[in-house]
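Me: Got a model open here and I'd like to talk it through. Can we start with the charged pairs?

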Amino acid sequence: EDNMAFQDLPDMWCTSQEFLDICAGDYEEHAILLCNYFNYIDAIQNANSPDKKEYESFLAIGKGVPEGRTVYVCRRNKATNHVELWNSIKGEGYFFGHEKEVSKCLGVTISQTSKLDIRMSDPTCQLKSVGVCVTADNVYCNKQGSDDPSIISFDIHDKGKWEPFLNEQSK
C-alpha cells in the first residue's frame with residue numbers, strides 16, 4: 001500500500017507512467033494500468049472497424065473481501081451488457097452475464113426477468129459492492145437500489161442507474 005510508504009500524505013494515485021517509473025504501487029495503480037491496457041487494445045480494434053465499438057473499460061471502486069476498499073477493472077460488452085470484473089492484483093477475472101427472459105402467452109408479454117449467468121470455472125468474486133465507476137472522462141455514482149456487482153447494471157450511460165459527477169458545463 002502506498003499510503004504506508006508515504007504516511008504523512010493522503011492516499012495518492014499515480015499515473016500509469018509514474019507507476020512504471022517508480023516500480024511501486026497498490027491496487028489503484030495496478031487497476032489503472034490494466035484499464036489503460038484494455039482501452040489501448042479496444043482503440044486498436046476500433047481503428048480497424050470504427051462502426052463496431054463493442055467494449056468499454058473503466059474502474060469500479062467499492063469494497064471487497066478481504067481487501068476492504070478496493071478498485072477493480074470493469075470490462076463491459078455494450079451489445080450484450082455482459083461484464084467482466086478484473087482483480088488486477090491477482091489477475092483474476094469474474095464474468096457476469098445478464099440474460100433477459102421474456103414470458104409470453106399467446107404472443108402477449110406476461111413478464112420480463114433477468115437471469116444471471118456466471119461462468120462455473122470462475123472463482124468467487126471478492127468484490128462485494130460498487131459505489132463509483134471512473135472513466136477517462138467522468139466519475140459515475142451508483143444510484144441503483146443495490147451495490148452488489150452481481151446484480152447491478154454497469155451501463156454507466158444509463159442516467160437512471162448512474163449519476164455523472166461532471167455535466168457538460170463543468171467539463
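Me: How many salt bridges does the structure hold?
Reply: The structure holds 5 salt bridges, counting a side-chain nitrogen of Lys or Arg within 4 Å of a carboxyl oxygen of Asp or Glu. This is a predicted model, where local features need pLDDT of at least 70 and side-chain atom pairs count only at pLDDT 80 or more, while totals for chains, interfaces and linings use all residues. Residues are numbered from 1 along each chain as its sequence is written, and side-chain values use heavy atoms, with hydrogens and water left out.

Me: Which residue forms a salt bridge with Arg75?
Reply: Asp42 does, with the closest N and O atoms 2.8 Å apart. Arg75 lies in strand E2 and Asp42 in helix H3, so the pair ties together parts that are 33 residues apart in sequence. Helices (H or I, at least four residues) and strands (E, at least two) are DSSP runs, numbered from the N terminus.

Me: Is Asp42 buried or exposed?
Reply: Asp42 is buried, at 6% relative accessibility. Arg75 is buried too, at 11%. Buried means under 20% relative accessible area, exposed over 50%, and partly exposed in between (1.4 Å probe, protein chains only).

Me: What else does the side chain of Arg75 contact?
Reply: Its side chain makes a polar contact with the side chain of Ser57, at 3.1 Å. A polar contact is a pair of N or O atoms within 3.5 Å; within protein, one must be able to donate a hydrogen and the other to accept it, and residues adjacent in sequence count only if both atoms are side-chain atoms.

Me: And Arg76, what is the N to O distance to Glu56?
Reply: The closest N and O atoms of that salt bridge are 2.9 Å apart. Arg76 is in strand E2 and Glu56 in strand E1, 20 residues apart. Both Arg76 and Glu56 are buried.

Me: Where does Asp155 come in?
Reply: Asp155 and Arg76 meet in a salt bridge too, at 3.4 Å from N to O. Asp155 sits in the loop between E7 and E8, 79 residues from Arg76. Asp155 counts as partly exposed, at 22% relative accessibility, whereas Arg76 is buried at 4%. Glu56, Arg76 and Asp155 are linked in a network of salt bridges.

Me: OK, strands now. How do E1 and E2 pair?
Reply: E1 and E2 (residues 68–77) run antiparallel over 10 bridges, where pairing takes at least two DSSP bridges between two strands. They form a hairpin with 3 residues between them, and Lys63 stands opposite Arg69 in E2. E1 (residues 55–64) is mostly covered, with 8 of its 10 residues buried.

Me: What joins E1 to E6?
Reply: 6 bridges join E1 to E6 (residues 127–134), and the two run antiparallel. Leu59 has Val134 as its bridge partner in E6, and Val134 also stands opposite Val139 in E7.

Me: Which residues of E7 are on the covered face?
Reply: Tyr140 and Asn142 are on the covered face of E7, with Val139 and Cys141 on the uncovered one. Tyr140 has Pro164 as its bridge partner in E8.
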